[in-house]
Structure formats: C-alpha cells, structure tokens
Amino acid sequence: MHTPLPDTPPADAGAPRVVRRAVAHDSAARHVTGAAAYVDDLREPSGTLHVAPGGSPVARGRIRSLDLDAVRTAPGVVAVLTAADIPGHNNIGAIVADEPVFTEKAVAFHGQPLFAVVAESYAAARKAAKLAKIEIEPEKPLITVDDALAAESRVLDDYDFIVGDVGSDIAASPNRLQGTLKIGGQEHFYLEGQAALAIPLEGGDLHIHSSTQHPSEVQHIVAHMLGVPQTAVTVEVRRMGGAFGGKESQATQWAAIAALAAHVTQRPCKLRLDRDSDMAMTGKRHDFRADYAVGFDNDGHILGYDVQLAARCGHSVDLSPGVIDRAMFHADNAYFLPAAAIRSKRMKTNTVSNTAFRGFGGPQGMLAVERVIDAIAWKLGLDPLDVRKRNFYGPDRDLTPYGMRVTDNVLPQLIGELEESSDYRRRRAEIAGFNKKNRFLKRGIALTPVKFGISFTIPTMNQAGALVHVYRDGSIHLNHGGTEMGQGLFVKVAQVVAEVFGVSLERVKITPTNTGKVPNTSPTAASAGSDMNGMAARAAAETIRGRLVAHAQEQYKVAPEQISFRDDRVIVGNRTFAFEEVVEAAYRARVQLSATGFYATPTIDFDRPKKWGRPFYYFAYGAACSEVMIDTKTGEMRILRADLLHDVGRSLNPAVDLGQIEGGFVQGVGWLTSEELVFDQHGRLTTHAPSTYKIPTAFDVPEDFRVSFFDNENREETIWRSKAVGEPPLMLAISVFAAIADAIHAVAPGRQVPLDAPATPEAILRAVNAIKESA
C-alpha cells in the first residue's frame with residue numbers, strides 16, 4: 001500500500017515542465033527486458049582473455065613460498081601475474097598506501113590476492129588458480145572488534161568529540177545507565193558482481209570498462225600501478241547493477257588486475273568475480289561495538305552522553321576514516337546533547353578491509369543513540385516517542401557536538417504529522433492490550449527519526465563537472481562525472497538539462513561516464529550525486545542557453561527578458577521558433593554550442609584537528625513508524641505495518657525518489673534483522689553465498705507499507721530545492737529494530753532489553769531468554 005505520488009504542479013508559465021515530474025528511469029525498459037548492458041554483457045573484442053585471482057588460504061601469516069609452476073603449465077593459461085609484474089606502484093589504497101594489488105611477504109586476511117591467472121577462458125583461469133602451492137607460516141588472526149580491542153590493534157589513531165564535562169554531568173544526573181550494543185556488518189550483495197574489461201590501445205594506452213562508482217580513482221590507481229600518466233588510462237561506466245558503496249574503492253583492485261593483465265599480454269582482458277569470491281574478497285559495512293553511559297533527568301532529558309564507537313575496519317585503512325567520522329557525526333541523530341563525549345576506535349583485524357556502505361557509518365552511530373533513548377524510556381516507564389521528542393534539537397538547543405548549528409530542523413513538524421497519520425497513540429494502546437492477553441506472541445511499535453548530513457566529509461570531494469553539447473538538429477548530448485547504479489541519477493540530471501532548454505526529455509542523450517570527457521571526478525556517493533552533478537550540468541546548459549539568448553537578442557532586437565524557452569520552442573518577443581531553428585541559426589552565426597559546467601558545494605568548513613565546524617551543506621530528515629510481532633518461543637519476527645514520511649525537499653523525480661525510499665528502508669531492514677556475517681575462528685567468511693547469507697525478499701516487505709513525502713523545500717540553494725535521497729531512507733529501518741526491542745520489552749516491562757543487531761530469530765530468542773532471567 002502506497003500513498004499516491006504528489007500531484008504534478010500546474011503547468012503555468014513559470015512552473016517547471018520536466019523536473020519535479022514522475023518520470024520513468026531512463027533504463028527501466030532495458031532493465032526488465034534484459035537489454036541493459038553491464039560489463040560482462042559487453043561484446044568481447046577478438047582475443048579477449050579472462051582473469052581469475054588466487055587468494056590466501058589463511059587469514060594471517062608469513063609467506064614461505066609461492067609455487068606457481070603448475071598454474072603456468074595448466075591448459076589454456078597465457079600468463080600468471082604476481083607483484084613482480086607490476087611496473088609501478090603495488091598499491092590500491094584509497095587514502096593510505098597500505099593495501100597491495102598482490103601481497104608479497106605476508107597475508108592479512110583469508111582470500112587476500114597473491115596472484116592472478118590469465119587464460120583463454122574463465123573456467124580455465126579458475127581451474128588453474130587452484131593448482132598453486134602456497135606455504136604460509138600461520139599466525140593467530142584477530143577476527144572480531146573484541147579481539148582487536150584486547151590486542152590494541154588499530155589501523156588509525158583514536159578520535160573524539162568532547163563537549164562539556166560529560167563525566168561530571170553524568171555522575172550528577174538523577175538517573176544513569178550504561179550498556180553495550182553490538183552492531184553487525186552487511187554484505188552489499190549488488191546483483192552485478194565486481195567486473196572490469198581492460199582493452200589495450202595504441203601507444204600503450206588503456207580503455208577500461210569498470211563497474212565502479214569512482215572512475216577517476218580507478219584511472220588514478222591504474223596509472224600509478226603501470227607507471228604511466230593518467231592521460232594514458234580512460235575509464236568508462238555506463239551503468240552498474242547495484243553498488244551501495246561496495247564499488248567506491250573496492251572496484252579498483254579488480255580493474256587494476258585486469259589492466260595489468262592487458263598490459264602484460266597486450267590483449268583485452270576481463271575479470272569478473274563469482275559470487276562466493278566476491279563476498280569473500282571484498283569489504284562490507286563496518287561492524288561496531290558501542291559502549292555507552294548516559295545521565296538523564298526524571299522526564300528523560302539527556303544531561304550527558306558518553307559513547308565509544310569501536311569499529312572493525314579490517315586489515316587496511318580503505319575508507320574507514322570517513323566512515324568512522326560519519327558515525328561520530330551522527331551519534332547524536334536528532335537529539336541535543338548538552339554534554340557529550342563521542343569517542344571512536346578504528347580497529348585492525350585480519351578480515352577483508354571494510355568499506356563504504358549506504359549511510360557510510362551514519363546508521364551505526366544513529367542506532368547506538370536510539371538504543372539509549374529506548375533504554376531511558378524503559379528505565380522511567382515512559383513512551384519512547386515522548387523521550388525522543390523531549391530531546392529533539394530546537395531553539396537554543398541547536399548546536400551539535402562538532403560545532404554545526406541545526407538551523408533547518410523540520411523534525412518536530414514531521415514527527416507530529418507521522419504520529420497522527422500512523423495513528424501511533426491508539427495503536428500503542430491496542431498493542432499493550434494484545435500483549436497482556438498473549439503469552440507467547442508479542443507485538444511492538446516504534447516511531448524513530450532520521451537527521452542525516454549531506455555532503456562528503458572530505459571537503460575536496462564536494463565538486464562535480466559536466467559537459468553538454470547541443471547539435472544542429474536540437475538534440476542534446478549530456479555527460480557528467482556521476483555514475484548510474486540504478487538509483488536514477490542519469491534521468492534526474494537529464495531532466496535538469498531539459499528544463500534549462502525548455503525541451504522534452506527525449507531530446508537529451510544520456511551518455512556513459514567517461515574520464516576522457518569529464519576529468520577528476522568525485523565518487524558517486526554520500527547521497528550527493530544529484531546535488532552536485534545536477535548543478536554542474538545546469539551550469540553548462542545555462543552557458544549555452546545564454547549564448548542562444550544573446551544571439552537571438554542581437555538578431556531580433558529584443559530584450560533578454562522577452563526571450564524564453566519552453567515546450568520545445570523559443571519565444572522571442574512576439575515570435576515563436578522551434579528550438580532547433582534557433583540552434584541552427586546560432587550555429588550559422590558561429591555561436592559555440594558546447595560548454596562545460598562545474599560545481600563546488602558551498603559553506604562547508606570543518607576543521608578536523610580542531611574538531612569543530614560545518615561538515616554538511618544541509619540535513620535530510622525523515623521518520624518511520626513500524627509495528628512488528630515476534631514469537632517468543634522461536635524468535636521469529638514479522639513486520640505488520642510500516643509508515644514512512646520522508647523529506648526530499650522539492651523532488652526532482654517523485655517516482656525515482658519513492659523507489660529510493662522503499663529500497664533503502666528494505667535494505668536497512670535486512671541489515672538489522674536477517675543479514676548476518678559469520679567468520680570462523682580461522683578468519684574464513686562462512687556466509688559467502690545466498691544459501692548462508694539472507695538478504696530481504698519480497699516476503700519481508702510489510703504487507704501494509706505506506707510511504708509519503710514530507711511537504712518541504714530545501715532552504716539551501718540546491719538543484720531545484722531538492723534534497724538527497726540515496727542514503728537517509730536506510731536509517732528509517734531503525735524503527736523496525738526499535739519495534740522488535742519494544743516487543744521483547746513486553747515480556748518483562750521495566751527491564752533493559754539486551755538485543756544486538758542484527759535481530760535474527762536467534763538474537764531475538766537470546767534477548768527474550770535474557771530478559772526473562774533478569775525478571
């Protein structure tokens with residue numbers, strides 16, 4: 001069940017005609033008919049070879065010997081690659097040069113690449129890779145956050161935000177609590193696995209088709225690895241079959257190995273990981289351990305909050321600095337903390353290096369403070385929603401622990417609307433009655449908020465470029481630095497360009513992201529794709545439109561305000577021309593019909609050493625009310641209803657944004673209820689296939705599923721006053737986790753609920769048994 005999409009605005013002279021419309025994804029028909037080409041679907045050039053990596057059989061140890069003779073002589077093998085074949089830098093580290101393409105002396109996680117086989121077929125390459133004779137002197141691996149904490153093993157130094165004398169404030173509080181919440185990681189499980197096709201060109205150049213969110217990073221790393229200028233490497237991305245952060249930095253290694261194979265053999269080379277290898281050899285969402293202490297008054301107002309967020313980063317740095325920093329930035333979620341200590345530990349383990357995942361650390365920071373809010377409510381016998389509302393940011397309570405003021409807070413109004421539309425109070429009373437009458441089945445309900453900062457927390461990355469051509473027939477070529485992974489970025493940016501020229505969307509040709517067209521791009525991540533690339537594309541389109549206006553003004557002797565573009569026509573004074581007529585006339589007058597556009601996000605100024613400033617351009621807000629039922633005998637859980645109200649500003653494309661909200665919520669439900677990563681004592685991932693790793697399916701979607709847009713306009717000057725929608729909806733699923741805890745709490749009211757994430761049936765049953773024992 002869905003709330004209908006917002007009505008289309010009236011088509012008066014000043015209303016947008018293309019943006020803010022519910023338009024289908026540009027590849028929707030191709031997606032459902034199988035015509036959308038991904039890397040592995042591209043027609044292979046003649047002579048294409050196939051590459052398979054060979055990984056470490058242990059998680060930690062010193063390499064004694066690596067005998068690859070049998071691999072080299074296996075049928076179909078053309079080459080075997082090791083670190084010795086790399087002419088430049090043996091590194092794929094995104095921030096710190098601490099992760100090799102192929103490791104040489106020691107191994108740091110199970111499956112770490114030692115070599116790669118290049119063969120005439122994929123099957124031959126995989127079969128040959130198993131013939132390697134590898135001798136490693138094993139050492140005891142560090143697997144969990146607790147292992148790393150005990151060993152004081154870190155990839156980076158600790159970092160914290162401190163506001164006020166939190167220790168004294170907690171100690172002086174009328175009420176105090178402390179506890180621990182363990183938060184599991186998550187596999188990206190994109191439908192298209194990691195893949196790259198590298199094609200050698202003349203003069204030593206390479207053209208790489210890569211399933212990556214960050215083409216410029218692939219270009220940069222490959223060029224350094226091969227010891228060539230970046231101009232010698234072109235990376236192209238038409239689309240990805242999902243990514244969710246797992247192809248921001250993690251795609252680089254596989255593109256680099258394919259590129260090295262093409263460089264060595266001088267033949268096209270393709271590398272695609274099978275699902276098991278992909279899950280075992282690529283990073284995940286970071287696991288966290290949150291240890292907290294909180295002081296609060298008798299009404300539930302937080303007086304002091306001290307939390308330590310210890311994260312499993314894996315064996316290398318990867319993107320952990322930004323991920324853990326963002327967990328800290330969102331450790332307050334929607335709540336004012338008068339005194340706070342938000343501490344982080346970036347722990348090094350002998351597991352694959354964890355990486356970006358939708359939310360980028362924010363969900364973990366939020367989940368911890370939402371548990372604290374519930375714990376306060378349980379302690380005081382209050383409704384958790386009331387405790388939430390009492391702690392919201394507000395007038396004279398608007399300063400975050402990192403120095404940014406919350407000036408655009410719409411949560412009080414948004415929560416109020418959802419509380420009424422979801423019938424929260426009546427349902428809570430009804431659930432209380434149900435739980436009194438039922439011994440084994442318990443229901444729970446929770447309404448939780450989301451406040452999510454939009455921008456890259458590394459200021460340099462907040463920039464984007466675009467390239468627009470207008471051809472003589474009035475058709476428009478669009479290229480920009482953003483990548484399409486199913487989220488609808490391409491169609492949104494095309495809508496922006498069509499709006500500038502006042503033409504139909506069909507005139508705008510969407511083209512693959514290409515480092516040879518728009519250079520030095522940032523990754524498509526941080527929910528900033530439409531914000532940045534939309535603004536860059538608009539700047540390019542407005543430059544060309546300005547030239548067309550100037551030419552028409554000169555030719556027809558009218559004022560600029562008498563010239564307008566709409567409905568595929570150009571109105572010049574009292575004359576009307578087809579858009580292509582005006583373009584042709586400009587071409588004949590030698591007016592340039594091509595332009596680049598650039599955008600840099602304004603007002604971002606965070607001083608990391610001083611731990612103070614403004615890391616975000618604005619906040620996106622939302623809330624969800626979820627109701628669940630659990631079986632206290634088996635731990636089984638079912639979502640009965642979910643009401644979502646989300647702030648997308650003035651949506652560029654309501655149809656696309658609705659899909660993002662629904663999909664983000666369901667993916668968040670998977671993270672918090674069913675997706676469990678299990679490593680054995682030897683560091684092997686045992687949940688490396690759909691048979692052992694449970695992502696949500698259509699049967700996990702609530703039968704009663706209501707999604708609405710909050711009526712709001714972005715106060716900042718974003719593209720058409722829209723707001724980012726990629727990541728924030730995932731955190732709406734925290735309401736499901738809180739509702740499960742609420743249901744467990746009904747087993748023994750007044751007791752604390754020791755539920756960790758994910759809330760699998762086993763975890764629910766453990767929490768039920770524990771709360772019974774404590775009672």
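Residues are numbered from 1 along each chain as its sequence is written. Because the model is predicted, local features need pLDDT of at least 70 and side-chain atom pairs count only at pLDDT 80 or more, while totals for chains, interfaces and linings use all residues; side-chain values use heavy atoms, leaving out hydrogens and water.

**View 1. Welcome to the largest cavity, of about 70 Å³.** A cavity is a set of points on a 1 Å grid over the protein atoms alone where a 1.4 Å probe fits but cannot get out, and lining residues have an atom within 4 Å of a point. Its volume is the space filled by probe spheres set on the points, which are joined across faces, edges and corners. Look for Ile92, Trp254 and Asp318, which are among the lining residues.

**View 2. Here is the second largest cavity, of about 60 Å³.** Its lining includes Gln463, Thr521 and Asn533. β17 (463–470) and α15 (529–556) each supply at least two lining residues; helices (H or I, at least four residues) and strands (E, at least two) are DSSP runs, numbered from the N terminus.

**View 3. Four strands form an open sheet in the order β16-β27-β28-β29.** Pairing, which is mixed here, requires that DSSP finds at least two bridges between two strands. The edge strands, β16 (441–454) and β29 (704–709), each pair on one side only. Strand β28 (residues 637–646) runs parallel to its partner β29, over six bridges. Across this pair, Ala642 stands opposite Phe705 in β29.

Conventions: 1 Å grid on protein atoms, 1.4 Å probe; cavity = no way out; pocket = protein on both sides within 12 Å on 5 of 7 lines; lining within 4 Å.
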